[in-house]
Amino acid sequence: MAELKYISGFGNECASEDPRCPGSLPKGQNNPQVCPYNLYAEQLSGSAFTCPRSTNKRSWLYRILPSVSHKPFESIDQGHVTHNWDEVDPDPNQLRWKPFEIPKASQKKVDFVSGLHTLCGAGDIKSNNGLAVHIFLCNTSMGNRCFYNSDGDFLIVPQQGKLLIYTEFGKMLVQPNEICVIQRGMRFSIDVFEETRGYILEVYGVHFELPDLGPIGANGLANPRDFLIPVAWYEDRQVPGGYTVINKYQGKLYAAKQDFSPFNVVAWHGNYTPYKYNLENFMVINSVAFDHADPSIFTVLTAKSVRPGVAIADFVIFPPRWGVADKTFRPPYYHRNCMSEFMGLIRGHYEAKEGGFLPGGCSLHSVMTPHGPDADCFEKASKAKLAPERIADGTMTFMFESSLSLAVTKWGLKASCCLDENYHKCWEPLKSHFTPNSRNPMGPN
Ligand SMILES: [Fe+2]
């Protein structure tokens, strides 16, 4: 595979032409009477026309045939995709899942779309407020099938196997430890090369932004220039047998046939694009004196709600870093949170749980559900000598943190067969260390 090219910069106003057609972007206007190379002009709007300039998103695509050239959409098998948040009774327990099993290609060919499984979510698609977490488990490329989501944006976190993603804006290669965002309406098709697994955070009706940095200043966390946008690439490919466009619309899957590849965009310009980001580029902020900063210092991207400082969902990572805090219990503290915390593991092992939380698995700590280090971790960290130490080398844990109270699907609780019934036992050995007659045997604080 020849190395793919990208444009750098988060949310930039970009312009790109396939080098086979120089000058394919119209000069000085968006919608000439006749476009260069006799292409069709098509606008893709990612925000209301009248959004403030800082949040206004749209791109202009110059393509061989417009997207409208297709047969009518018809309902198809929904598989394990759902937006029904009342399938099973709510469950306030700490939930943890073992790694989800990927189907074997020799038994059943499953592509990215047929391998989508909704695990949890909340909110309402029709009013553009909410989110879903999906797990994808696949072994086959999509071939002459593409997908677009009318409901929201997909933040895709591959955990095993790389993804070659064809989009209307060009091609992206996304490997584990990278993420990509494919925004609402963008058509894409994914090639896979092995048994492939990952996580998806879908947010309805809002887009991901870089978090404000406040006193951190102008630089740090995920830097804008490390976000990569594909460059224009087209194929003028007829598909006489029929190319299938799959659409998730109001939570349901529909398919329409057309006679050509949708990746027929010769040139585009605008600020509404797919993009990818390598998590290794995250500049980590951490405590260098004592105590913990809140995990919001690890936010890569945020999908804001209308309430200031309150996210529909934050995408947060726990990357390799130094731990140097003095006189401090260094693992994550015990806590209860008004937010929902969905966690996944791309590779390695998470510092607060030595076993049981595995790559390709996940956990959900719901609103106000208590959680924290397991008993073993507590004992070790309470006695550890506090020298500077590397934390999480070879590991990448992430969190989707949401202000919404998430409901788990029937697939998540039952059909996936991966729920760890013994999760609660990791805290059972916690014992009282209370010494009522001795204030602090360990030291002065
Ligand atoms: Fe937590």
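**Close-up views of strands and loops in a predicted model**

**Figure 1. Ile156 and Cys180 at the pairing of strands S10 and S13.** Ile156 stands opposite Cys180 in S13. The model shown here and in the following views is predicted. Strand S10 (residues 152-160) runs antiparallel to strand S13 (residues 178-182), and three bridges link the pair.

**Figure 2. The open sheet that contains S10 and S13.** Nine strands form this sheet in the order S1-S16-S20-S13-S10-S15-S8-S7-S28, and their pairing is antiparallel. At its edges lie strand S1 (6-8) and strand S28 (407-408), each of which pairs on one side only.

**Figure 3. Strand S25 and its two antiparallel partners, S6 and S24.** Strand S6 (residues 95-97) is joined to S25 by three bridges in the antiparallel sense. In this pairing, Leu95 is placed opposite Leu364 of S25. Strand S24 (residues 340-347) also runs antiparallel to S25, with four bridges between them; here Met343 faces Ser363 as its opposite residue. In a regular strand, side chains alternate between the two faces of the sheet. Within S25 (residues 362-365), Cys362 and Leu364 point one way, while Ser363 and His365 point the other way. Residues on both sides of S25 are buried.

Figure 4. Phe147 counts as buried because 23 C-beta neighbours lie inside 10 Å. Apart from neighbours within four places in sequence, the contacts of Phe147 are Val113, Phe188 and Ile246. The C-alpha atoms of Phe147 and Ile190 are 9.1 Å apart in space, although 43 residues separate the two in sequence.

**Figure 5. Asn128, a loop residue with positive phi.** Asn128 sits in the loop that connects strand S7 (116-124) to strand S8 (129-138). S7 and S8 are both members of the open sheet of nine strands. The phi angle of Asn128 is near 60°, a positive value in a residue that is not glycine. Most residues other than glycine have a negative phi. Asn128 is partly exposed, as 14 other C-beta atoms are found within 10 Å.

Technical notes. Residues numbered from 1 in each chain as written. Predicted model: local features only at pLDDT ≥ 70, side-chain atom pairs only at ≥ 80, totals over all residues. Buried ≥ 20, exposed ≤ 12 C-beta atoms within 10 Å, placed from the backbone. Contact = placed C-beta atoms within 7 Å. Pairing = 2+ DSSP bridges.
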